[in-house]
Amino acid sequence: MGDTIPLNHTTTTILKASKGDRPMAKGQSAALDRKKLFADPVMITTIVLLITFLAVFILYPLAILLIDSIYSTDTGITFEFFKSIFGKRTFITAITNTLKVGFLVGLLSASIGLLFAYVEVYVKVRTKFMAGLFKVVSMLPVVSPPFVLSLSMIMLFGKAGIITRFLLHIYDNNVYGFWGIAIVQTMTFFPVCYMMFRGLLKNIDPSVEEAARDMGATRFRVFMDVTFPLLLPGIGNAFLVTFIESIADFANPMIIGGSYDTLATTIYLQITGAYDKNGACAMAVVLLAITMVMFGVQKYVLERKTTATLTGKASRARMLIEDRSVTLPLTIFCSLIALFVVMMYVCVPFGALFKTWGYDFTLTTKWFVMVFQRYKGLKAFRDSFVLSLIASPITALLSMIISYLVVKRNFRTKGFIEFVSMLAMAVPGTVLGIGYIRGFAGGMFHTGFLQGIYGTGVILVIVFVVRSLPTGTRSGISALRQIDKSIEESAYDMGAGSLKVFTSVTLPLIKDSFLSGLVTAFVRSITAISAIILLVTPSYLLITVQINEFAEKGSYGVACAFATILIAITYGSVLLMNLVIRLFGTGSKIKEVD
């Protein structure tokens with residue numbers, strides 16, 4: 001009787017259940033979390049400031065946009081603006097064109113991305129060169145300006161293009177329009193699908209497919225009956241993400257669209273050319289409604305189905321396909337696409353080094369000289385660099401704070417913070433730009449500090465932060481979900497406050513994600529155009545706006561010189577980030593401990 005009985009996990013659970021404590025434990029835990037939260041002034045202040053920021057700089061501009069589309073000072077609430085735009089042939093054509101391009105780009109990007117991911121995960125690539133080439137191609141469009149491929153497309157396949165004019169002797173090729181936009185956007189967005197599919201395919205347990213093979217099924221049958229059904233939600237997810245990116249894209253249709261108008265370019269011209277603010281707002285609301293519906297389906301339907309369909313981490317290594325009848329055609333096809341993308345990127349620096357593209361291919365540095373001596377290139381790079389450098393740490397820190405609150409804290413407005421912070425992902429840049437014009441050049445904040453930020457660098461920094469916030473938040477949430485809650489709870493038990501725990505415990509554990517978010521925010525900010533082209537003033541020169549301006553004028557030498565330097569900056573930033581993570585990241589510390 002005097003012996004003590006050790007309480008293991010099962011015994012403790014049984015005792016709790018016998019006392020009837022289990023239903024109370026969850027409620028008591030939530031109540032205790034809220035009590036701790038309200039007792040922490042730093043945390044309460046952070047939540048209030050965060051909600052205010054999200055409400056003012058994301059929800060408020062969109063609300064003003066909606067009000068402007070249905071309210072007139074003369075007649076009050078009215079739907080005349082929507083009737084007016086739907087009565088315009090140009091708008092109907094633009095929305096039809098946008099949906100056609102978005103559907104085709106989504107389909108092609110998902111197909112090519114799936115093919116690249118399948119080759120990497122399932123096929124034994126013969127040479128390291130090919131494997132490295134696929135990885136480079138997957139990274140190229142992510143860290144480069146969004147309209148670089150449009151420039152390359154014009155210089156390679158336009159009327160003065162090297163391939164069309166000098167190799168094929170075609171002198172009247174028209175690269176502008178539907179196919180030009182579709183090809184450029186597909187080459188730009190398919191790496192996003194590739195990265196999504198790569199993660200999905202790696203998570204499929206090889207034993208599921210090998211069981212079908214053991215029963216006599218061919219590789220094609222296994223793919224169609226086993227692998228493809230498991231990927232269906234992911235395919236839908238990738239399609240919708242690319243569709244949203246395509247219909248919201250402004251830069252590529254602006255440069256290579258020609259007379260083929262899309263909704264994003266039509267909205268821009270409506271407010272800058274026709275000076276019709278109400279009509280532009282109504283068009284923006286239509287575009288926003290389309291992207292929001294797609295975003296809702298992608299986030300709240302397909303993402304959940306994707307995680308539920310896969311079997312989790314693979315139990316053992318996958319046996320790669322070595323059959324030449326499979327590996328050879330797939331490798332050749334992916335290699336041709338990869339080389340085509342690389343060729344288009346290599347075209348840009350050569351465009352900056354040739355004397356006159358399409359006529360005189362003498363090497364020269366005059367375009368780089370003109371960038372800095374005639375076109376205020378130094379000011380453009382300084383303004384872009386400084387504004388992006390200010391925005392990136394703010395974005396990275398905000399992303400980590402939001403991620404921390406969403407994953408580690410329990411309070412009523414947590415869902416609101418998560419939804420609004422991710423909302424900017426679904427808002428096209430031109431829509432956000434018009435919302436900021438209407439919201440901060442007038443609206444509620446027609447006086448005071450917030451009205452004073454319009455036309456300044458502050459509003460550009462805020463736009464950069466808002467646009468990059470969803471990417472950093474998703475990365476932070478993924479990283480924080482891997483950290484055991486007990487690590488932070490032990491710090492709280494020792495008397496540390498929430499600020500101390502976040503800066504001394506949580507942030508060091510996710511510093512790889514923080515550094516990655518920092519550089520991603522910098523790259524996205526310095527290459528942004530659609531959200532800031534309507535907000536930039538003569539006081540600030542931004543590189544992307546300069547590239548867009550010279551490309552529209554046909555000054556491809558200057559545009560390529562600007563783009564070449566910008567690509568060098570972005571790639572330098574990514575390489576520096578990788579070096580810092582390798583030297584000082586969490587992984588290096590783990591190796592040292594081992």
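Helix H3 covers residues 41–70, which is 30 residues. From its first C-alpha to its last it reaches 41 Å, close to the 44 Å expected at 1.5 Å a residue; the expected span is 1.5 Å times one less than the number of residues. Where does H3 bend? The bend is at Leu 59, by about 40 degrees, and Pro 61 follows within four residues. The bend at a residue is the angle between axes fitted to the seven residues ending there and the seven starting there.

Before going on, some ground rules. This is a predicted model, in which local features need pLDDT of at least 70 and side-chain atom pairs count only at pLDDT 80 or more, while totals for chains, interfaces and linings use all residues. Residues are numbered from 1 along each chain as its sequence is written, and side-chain values use heavy atoms, with hydrogens and water left out. Helices (H or I, at least four residues) and strands (E, at least two) are DSSP runs, numbered from the N terminus.

In total, the protein has 27 helices and four strands. Of its 594 residues, 51% are buried. Buried means under 20% relative accessible area, exposed means over 50%, and partly exposed is in between, with a 1.4 Å probe and protein chains only.

Next, salt bridges. Side chains of opposite charge can pair when their charged atoms come close. The rule used here asks for a side-chain nitrogen of Lys or Arg within 4 Å of a carboxyl oxygen of Asp or Glu. How many salt bridges does this rule give? The count is six, and I will show three of them.

One joins Glu 80 and Lys 83, at 3.8 Å from N to O. Both residues sit in helix H4 (residues 80–86), three residues apart, about one turn of the helix. Glu 80 is partly exposed at 46% relative accessibility, whereas Lys 83 is exposed at 58%.

Another pairs Asp 383 with Lys 379, at 3.1 Å from N to O. Both belong to helix H17 (residues 377–408) and are four residues apart, again about one turn. Is Asp 383 buried or exposed? Asp 383 counts as buried, because its relative accessibility is 9%. Lys 379, at 25%, counts as partly exposed.

A further bridge links Lys 553 and Glu 549, with the closest N and O atoms 3.1 Å apart. They are four residues apart in helix H25 (residues 543–553), so about one helical turn separates them. Lys 553 is exposed at 56% relative accessibility, and Glu 549 is partly exposed at 33%.

Now two backbone points. Most residues other than glycine have a negative phi. His 169 is not a glycine, yet has a positive phi of about 55 degrees. His 169 is in the loop between helix H8 (162–167) and helix H9 (178–202), and it counts as exposed, with 53% relative accessibility. Lys 376 also has a positive phi, near 50 degrees. Lys 376 lies in the loop between helix H16 (366–373) and H17, and is exposed at 55%.

Back to H9, for a residue inside the helix. Met 196 lies in H9 and is partly exposed at 23% relative accessibility. What does Met 196 touch, not counting residues up to four places away in sequence? The partners are Asn 237, Ala 238 and Val 241; contact means heavy atoms within 4.5 Å. Met 196 and Ile 235 are 39 residues apart in sequence, with their C-alpha atoms 9.1 Å apart in space. For the protein as a whole, 79% of contacts between residues at least 6 apart in sequence join residues at least 24 apart.

Last, the surface. The protein exposes about 28,400 Å², and carbon and sulfur atoms supply 66% of it. Areas come from the Shrake-Rupley method with a 1.4 Å probe; for residues, only the protein chains shown count as cover.

On that surface, Val 293, Val 297, Tyr 300, Val 301 and Phe 419 form a nonpolar patch with about 380 Å² of accessible area together. Patches are made of residues with over 30% relative accessible area and no salt bridge; like charges are joined within 9 Å, and nonpolar side chains (Val, Leu, Ile, Met, Phe, Trp, Tyr) within 5 Å. Which helix gives the most to the nonpolar patch? Helix H14 (residues 277–309) does, with four residues. Tyr 300 lies in H14 and is partly exposed, with a relative accessible area of 35%.
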